Amino acid sequence: MMATEDGRNVNSLKEVWSKEENALCADCGEPDPDWASYTLGVFLCLNCSGIHRNISDISKVKSLRMDHWDEGQVQFLMQHGNAVAKATYEAHVPMYYYRPVHTDCQVLREQWVRAKYERKEFTEPGKHPPYSNGLKEGILWKRGRDNGQYLPRRFLLSEREGCLKYFVKQDAKEPKVVVKIDTINATFQPEKTGNPNGLQITYLKENKTRNIFLYHEDGKEIVDWFNAIRAVQFHYLKVAFPVASDQELKSRLTRNFLKEGYMEKTGPRQKESFKKRWFTLDHRRLMYFKDPMDAFAKGEVFIGSDGHGYGVRQGLPTGTQGTFTWPYGITIITPDREYLFTCETEREQQEWIAAFRHVIEQPMTPQEYAIEAYFKLKP
């Protein structure tokens, strides 16, 4: 029920609320927002309205269904709305900047809201936020590979050198690790790491995936690092692929994993007992780990396209001999062998099958043919 002074306000509020431009949350794109800011003139979902309450000196929010709206506030909404706000507050968002969606974690969504309305990072051309200049240096807390303890490490990201380095000691001259920028992926992992600002960096070392887990206590700082990595990657790709469109390059920047979770797997002879492992599907790389926070994968499977002999089937082959405790089977078909997995629930099985199909139905790129060739050459 909308509470307003009279029927005209109710009708005016319904009219502006029903406009197509206001059908999605202004900040995260969730459908059917039922909150609004009467100082910014934007329509918001419940989660983003909570973030706006934390910047109450700039944004004041009300429920469109339950709160009282006076005539002046309704008029303000009618004069503004999501399209006007977008043209103002998102006028100059860099192509590489990650715009969160409603399924993204809190720190990404909160810093996007603060960047837009509080810091006004995107209102004027030529602004130089801290993630834009191709060089970033600072302390991040890194999880130890063997003991799981987080310790401060100095990180240096350099567009000129095309790499990310970290140093064990703050005054160390030589880095512990140098990671080439074109092999990096970065994805926020608050649940996996148990930290709201937890970031997982994956990179390739001798064509094997390596994980490092980081956090910073300040949400702005960790999101700035995330966008700095994307900025350096974007400029690297602009040079490497000069004819590619910006939109095409943007799609090659950091990506969320398609799916993660536990499954059971058996060995190549398919007679061994199935073992529980943590699986990560990072586009065409299916990796498995003993523990979700392991630094190195125990193994990787390349998932190619259906035109090249790859496929996925529900269930296990008849007569499978390995013993398993989870009843919902999946068979991955590759040109060389079949891989057998089991899931604990039918829902997990269907989600994994959908993720595999999503990958298998896409044609392979020239770079992916090279990765496939490497997998075939592996002992």
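## Lining of the largest cavity

By class, four nonpolar, two polar and four charged residues line the largest cavity. Nonpolar here means Ala, Val, Leu, Ile, Met, Phe, Trp, Tyr, Cys and Pro; charged means Asp, Glu, Lys and Arg; the others, Gly among them, are polar. The model is predicted: local features need pLDDT of at least 70, side-chain atom pairs count only at pLDDT 80 or more, and totals for chains, interfaces and linings use all residues. Residues are numbered from 1 along each chain as its sequence is written, and side-chain values use heavy atoms, with hydrogens and water left out.

The lining consists of Arg143, Gly144, Arg145, Arg210, Asn211, Ile212, Phe213, Met293, Asp294 and Ala295. A cavity is a set of points on a 1 Å grid over the protein atoms alone where a 1.4 Å probe fits but cannot get out; lining residues have an atom within 4 Å of a point. Strand 12 (residues 208-215) contributes the most, with four residues. Strands (E, at least two residues) and helices (H or I, at least four) are DSSP runs, numbered from the N terminus. The space inside is about 50 Å³. Volume is the space filled by probe spheres set on the points, which are joined across faces, edges and corners.

Arginine 210, one of the lining residues, also places its charged end over the ring of phenylalanine 296, 5.0 Å from the centre. The rule asks for CZ of Arg or NZ of Lys within 6 Å of the ring centre and within 35 degrees of the ring normal.

## Second largest cavity

This cavity has a volume of about 30 Å³. Its lining is Leu140, Phe155, Leu164, Leu199, Ile201, Leu214, Trp225 and Ile229. Strand 11 (199-205) and helix 7 (219-240) each give two or more of these residues.

## Aromatic pairs

There are 23 aromatic pairs. Rings of Phe, Tyr and Trp (its six-membered ring) pair if their centres lie within 6.5 Å; planes under 30 degrees apart are stacked, over 60 edge-to-face, the rest tilted. Tyrosine 96 and tyrosine 131 pair edge-to-face, at 6.4 Å and 80 degrees. Tyrosine 96 lies in the loop between helix 4 (82-89) and helix 5 (106-118), tyrosine 131 in the loop between helix 5 and strand 6 (135-143), so the pair ties together parts 35 residues apart in sequence.

Phenylalanine 279 and tryptophan 352 are also edge-to-face, 6.5 Å centre to centre with 80 degrees between the planes. Phenylalanine 279 is in strand 14 (residues 275-282) and tryptophan 352 in helix 9 (residues 346-360), so this pair ties together parts 73 residues apart in sequence.

Key. On a 1 Å grid over the protein atoms alone, a cavity is a set of points where a 1.4 Å probe fits but cannot get out, and a pocket is an open set with protein on both sides within 12 Å along at least five of seven lines; lining residues have an atom within 4 Å of a point.
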